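Dear colleague,

I am handing over the structure below, and after it you will find my notes on what came out of the analysis. Please read them with the coordinates open beside you.

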Amino acid sequence: MVWQAYGLAMIAVFPLGITLLYCRLLWVDRRKIQLPIEEREKDLELMAEAFLFEPYKPEFWYFEVVETIRRLCLTGVLSAVAPGSFSQLSIGLLMSIFFTTVFCKLEPYHEPRDNKIAILSSWQLVLVFLCSYFMKSASLLTNSVDDSADFEFMGYLLIFSFIAIIILFVIYAIEQKDDFSEDAEEMAERILAEQSKSTMNMSLASLGS
C-alpha cells in the first residue's frame, strides 16, 4: 500500500509535473520564442531554456510539450493497458499513426533532416505495431510460429528498418558536425561580446559615481 502511494506520487511529480513545468516555461516566454531565430538568440536569459524550443521552428514554440506527451503515451500510458493484448497493440498503433500524421503535417523542426528522421522513426514505430499485430493474430490462428516464413520475413523487415534509421542518423550527424561547430563559435562570440558590454557599462557607471 505504501509503495502504491509512492508510485502514484511519483506519477504526479515526474510525468505530470515535468510536462506542466514545460508548459509554464514555454507559455511565459512564448512571445520571445516566436521572434526570428537571430533575434531571440541575443536574449541570454531566454537561451538558458533553449533546450525546450531551439530544435523547433518559432511558430511551434510549444512542440516540446507535444513530444513529451507522445513519449508518455507510448511508454507509461501504453504499458498500463493489458500488456500483450490486442487492446494494447491497437491503442499503440492508433497512437503511433496519430503522431506520425502530426509530424508529417506540421514538420515542426527547424532542420529538414530532423523532420525526416522524426517522420521515418514514427513510420518505423507504426511498422512495429503492424507487424506485432499480424504476428499475434497469425500465431493464434496457426499455432505454428517457428515454421512460418511470414514471421521470418517480418523479423528481417524490422531489423532492416532499424538499421536503415541508424545509418541515416549517423550520416546526418556527420553532416551536422560542422554546423554545430560554427553555431558554437558564434554563440561563444556573442556571449563574450555581451559580457564585455556589461563590464564596460559597469565600469562607466562606477566612474560616473
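I begin with the contact between two helices, where Phe 63, Val 66, Glu 67, Arg 70, Cys 73, Leu 74, Val 77, Leu 78 and Ser 79 in α5 meet Gln 88, Ile 91, Gly 92, Met 95, Ser 96, Phe 99, Val 102, Phe 103 and Leu 106 in α6. Please keep in mind throughout that this is a predicted model. The axes of α5 and α6 (residues 86-106) lie 10 Å apart, and the two helices pack at an angle of about 165 degrees. Since angles over 145 degrees count as roughly antiparallel, α5 and α6 are therefore roughly antiparallel to each other, and their crossing is left-handed.

Helix α5 also packs against α1, with axes that come within 9 Å and cross at roughly 170 degrees, which makes α1 roughly antiparallel to α5. On the α1 side the contact is made by Pro 15, Thr 19, Tyr 22, Cys 23 and Leu 26, and on the α5 side by Glu 64, Val 65, Thr 68, Ile 69 and Leu 72.

Turning to α1 itself, this helix covers residues 2-28, and its 27 residues reach 37 Å from the first C-alpha to the last, close to the 39 Å expected at 1.5 Å a residue.

Two single residues may be worth a look in your viewer. Leaving aside residues up to four places away in sequence, Ser 161 touches Gln 124 and Leu 127.

The other residue is Glu 111, which is found in the loop between α6 and α7 (112-142) and which, with a relative accessible area of 28%, is partly exposed. The C-alpha atom of Glu 111 is separated by 8.0 Å from that of Tyr 56, although the two residues are 55 residues apart along the chain.

Note on methods: Residues numbered from 1 in each chain as written. Predicted model: local features only at pLDDT ≥ 70, side-chain atom pairs only at ≥ 80, totals over all residues. Heavy atoms only, no water. Helix = DSSP H or I, 4+ residues; strand = E, 2+ residues; numbered from the N terminus. Expected span 1.5 Å × (residues − 1). Axes fitted to C-alpha atoms, helices over the stretch in contact; angles between N-to-C directions. Parallel < 35°, antiparallel > 145°, perpendicular 65-115°, else oblique. Left-handed = near helix turned anticlockwise from the far one by under 90°. Contact = heavy atoms within 4.5 Å. Buried < 20%, exposed > 50% of the residue type's maximum accessible area, 1.4 Å probe, protein only.
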